[in-house]
Amino acid sequence: MPVRMSESSQVGRGKGIGLGLAVGSAVAFGGSGVAAKPLIEAGLDPLHVVWLRVAGAALVMLPLAVRHRGLLRSRPALLAGFGLLGVAGVQAFYFASISRIPVGVALLVEYFAPALVLGWVRFVQRRPVTRAAALGVVLAVGGLACVVEVWSGLSFDALGLLLALGAACCQVGYFVLSDQGSDSGEAAPDPLGVIAYGLLVGAAVLTVVARPWSMDWSVLAGTADMNGTPVAAAVLLAWIVLLATVVAYVTGVLSVRRLSPQVAGVVACLEAVIATVLAWFLLGEHLSAPQIIGGAVVLVGAFIAQSSTPAKGSAGPVAGADARTETELSAREAAT
């Protein structure tokens, strides 16, 4: 009995840490737009800001890439997939979509990803999904629609919507690939190494797309206006690179390892709420009543989803399945 209580305590602590990391990742990612918008208004192309973000983060993580260079031989497909989907794909598809449809609509479609993750778990991995987790996704997506006020700028553009859906699919790849190998024990790929190489791959792909040699580099030496306050462009760039990319990806991948792709995906919906709140305080973009209500609904949906799905290593199912059989088999194998 004391052993079970101890295991339960450890599982709860691990889940709490995972949830904290997921929220931290959402906060870090949510601040990217607030820091990027003044740079864009100062004269930088949005795609150039994305390239600076990814390339700068790749440079910061380069020592870790050298340290974990063995991943190039053992996990080349994982590194390429994470870089193409989780880094370059999400950014490129999202920025391409907002050139054709309103930002709010694109953001809502992109954050349809948690529902797609549940579909992946249910129909591809063939694992049951709890009704509470599905309800959490529905609430989170519905609340997100209120946060971005999707009705205020809705216009049908088939290509734009397809591009936004491409960003959502790439985000599914980010969550699923972040979880790859996490159940391999000591043989699991180091998450920091995966992130480092993913950023390098993403930077290489975005270099071809963004063509940074045509960028107005002089903007980075000046200041940008943040709601009437001049802020050094270099400070905003450091914010985007260090917090909104390096910290965001590290905490995000670690949260998926401790929770599960579907739970971490729902909690990630908080990014839109956090981005809206930060824009309210730092950019003077005030929230409406529907946005405040929508943010509360997103929080409720995220809470329901994460509380209904046990963390990795718990005695319960990851997606609502019965894990007793696997536990018994593991015990028998250990005994033999």
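## The nonpolar core

The largest nonpolar core holds 83 residues. Within this core, Leu44, Phe82, Leu199 and Tyr249 touch the most other members. The model is predicted. In soluble globular proteins, nonpolar side chains tend to be buried together.

Leu199 shows what such a position touches. Beyond its neighbours within four places in sequence, Leu199 contacts Val54, Ala57, Ala58, Met61, Val87, Thr245 and Tyr249. One of these partners, Tyr249, is also among the core residues that touch the most other members.

## Aromatic pairs around Tyr249

The chain has 7 aromatic pairs. In one of them, the ring centres of Phe29 and Tyr249 lie 5.2 Å apart and the planes meet at 80 degrees, so the pair is edge-to-face. This pair links distant parts of the chain. Phe29 sits in helix H1 (residues 2-30), and Tyr249 sits in helix H11 (residues 233-258). They are 220 residues apart. Are the two residues buried or exposed? Phe29 counts as buried, at 12% relative accessibility. Tyr249 is buried too, with a relative accessible area of 4%.

Tyr249 also pairs with Phe82. Here the ring centres are 6.2 Å apart and the planes are at 70 degrees. Edge-to-face requires an angle over 60 degrees, so this pair qualifies. Phe82 belongs to helix H5 (residues 76-97), and Tyr249 to helix H11. The pair links distant parts of the chain, 167 residues apart. Both Phe82 and Tyr249 are buried.

## A histidine in a loop

Where is His68? His68 lies in the loop between helix H3 (46-67) and helix H4 (71-74). The cut-off for buried is under 20% relative accessible area, so His68, at 16%, counts as buried.

Which residues does His68 contact, leaving aside its neighbours within four places in sequence? The partners are Asp190, Gly193 and Tyr197.

## The chain as a whole

The chain has 15 helices and 2 strands. Of its 336 residues, 48% are buried. The accessible surface comes to about 15800 Å². Carbon and sulfur atoms account for 66% of that surface.

Among contacts with a separation of 6 or more, 85% join residues 24 or more positions apart. The pair of Phe29 and Tyr249 gives one example of a link between distant parts of the chain.

Terms used
Residues are numbered from 1 along each chain as its sequence is written. Side-chain values use heavy atoms; hydrogens and water are left out. Helices (H or I, at least four residues) and strands (E, at least two) are DSSP runs, numbered from the N terminus. Buried means under 20% relative accessible area, exposed over 50%, partly exposed in between (1.4 Å probe, protein chains only). Contact means heavy atoms within 4.5 Å. Accessible areas come from the Shrake-Rupley method with a 1.4 Å probe; for residues, only the protein chains shown count as cover. Rings of Phe, Tyr and Trp (its six-membered ring) pair if their centres lie within 6.5 Å; planes under 30 degrees apart count as stacked, over 60 as edge-to-face and the rest as tilted. A nonpolar core is a set of buried Ala, Val, Leu, Ile, Met, Phe, Trp, Tyr and Cys residues joined through side-chain atoms within 4.5 Å.
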